[in-house]
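Please read this report beside the sequence and the model. It covers surface, pocket and backbone features.

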Amino acid sequence: MKNEKYENIVKKYAAKESRVSNAVIAFIVGGLVGVLGEALIEFFCFKFHVSRNEASTFMIITLIFIGSLCTALGFFDKLVSFARCGLLIPITGFAHSMTSAALDFRKEGLVTGIGANMFKLAGTVIIYGVVSAWFFGTIRLLIGG
Amino acid sequence: MIFINSFLFAGAICCISQIILDNTKLTPGHITSILVVLGSFLDIFNIYDKIVEVVGGGAMVPITSFGHLLIHGALAKASSMGPLGIVMGMFDLTASGITAAIIFSFVFAVIFKPKN
């Protein structure tokens, strides 16, 4: 079979992904996660009588717990393949990348598997966050004090 | 009102990232790195703080808040300790999130077996 024919057939049967619907789904799911975060902050403020800053720390820990648990139970990957950035950009994506890396490399042992590979995907976030925060913080000190 | 703001802000960030992901060759790793750098950039002159005041939880949920918290802790420490404070206070505010993520990941990886 000629290459062109083959490519045409592949194009015909490839799953059609509309970029518009992807973006709309990401918008709705991401927005719902944001609303959930705000609701959790209000809930913790009301329930434990803590300040808003402490409540947002609790909220982040809760979302990380939910993300890790859903990844470990195995159905977070399906949700991610449906919502894409709607779940990868919130802090749940950070928990998802760490837990899935730890689960994937578990069979290679506790130290060389989980220990060495846990930050394989999430490491970029921490490294570029620290480097940029150091860089911008130094600039801020030089400019404004 | 703050719930609507949360929805719009978190949704807008996710929507923009999805558009970037679909139309370029960048991976999700690239996009989260860019967003973290953007979050810490916006906090040089406390712009992100004002966003958090208006938007509330919706601004704390996306990964941009991670960069914001990093530089926020560093600058808070730097105001009392000088340039060395940036190094000392870097993880002051994000320590809880990173520690929780490590502990939950480790415990779940030991308890559960991968499904695939």
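This is a predicted model: local features need pLDDT of at least 70, side-chain atom pairs count only at pLDDT 80 or more; totals for chains, interfaces and linings use all residues.

Residues are numbered from 1 along each chain as its sequence is written, chains are lettered from A in the order in which they are written, and side-chain values use heavy atoms, without hydrogens and water.

**Nonpolar patch**

A:L110, A:V111, B:I103, B:F106, B:V107, B:V110 and B:I111 make a nonpolar surface patch of about 650 Å². Patch residues have over 30% relative accessible area and no salt bridge, with nonpolar side chains (Val, Leu, Ile, Met, Phe, Trp, Tyr) joined within 5 Å. A salt bridge here is a side-chain nitrogen of Lys or Arg within 4 Å of a carboxyl oxygen of Asp or Glu. Areas come from the Shrake-Rupley method with a 1.4 Å probe, and for residues only the protein chains shown count as cover.

Helix 7 (110-117) of chain A and helix 7 (95-111) of chain B each supply at least two residues of the patch. The largest share, five residues, comes from helix 7 of chain B. Helices are DSSP runs (H or I, at least four residues) numbered from the N terminus. B:F106 and B:Q18 are 88 residues apart in sequence and 29 Å apart in space, C-alpha to C-alpha.

The table gives exposure classes (buried under 20% relative accessible area, exposed over 50%, partly exposed in between).

| Residue | Relative accessibility | Class |
|---|---|---|
| B:V110 | 37% | partly exposed |
| B:F106 | 38% | partly exposed |
| A:H49 | 71% | exposed |

**Largest pocket**

The largest pocket has a volume of about 560 Å³. Of its 27 lining residues, A:N53, A:S56, B:M60, B:H68 and B:L69 are the closest to its centre. A pocket is an open set of points on a 1 Å grid where a 1.4 Å probe fits, with protein on both sides within 12 Å along at least five of seven lines, and lining residues have an atom within 4 Å of a point. The volume is the space filled by probe spheres set on the points.

Helix 3 (52-73) of chain A gives the largest share of the lining, seven residues. The lining divides into twelve nonpolar, eleven polar and four charged residues.

**Positive phi**

A:H49, not a glycine, has a positive phi of about 55° and sits in the loop between helix 2 (19-48) and helix 3 of chain A. Phi of A:R84 is near 50°, and A:R84 lies in the loop between helix 4 (76-83) and helix 5 (85-88) of chain A.

Key: Patches are made of residues with over 30% relative accessible area and no salt bridge: like charges are joined within 9 Å, nonpolar side chains (Val, Leu, Ile, Met, Phe, Trp, Tyr) within 5 Å. Buried means under 20% relative accessible area, exposed over 50%, partly exposed in between (1.4 Å probe, protein chains only). Ala, Val, Leu, Ile, Met, Phe, Trp, Tyr, Cys and Pro count as nonpolar, Asp, Glu, Lys and Arg as charged, and the others, Gly among them, as polar.
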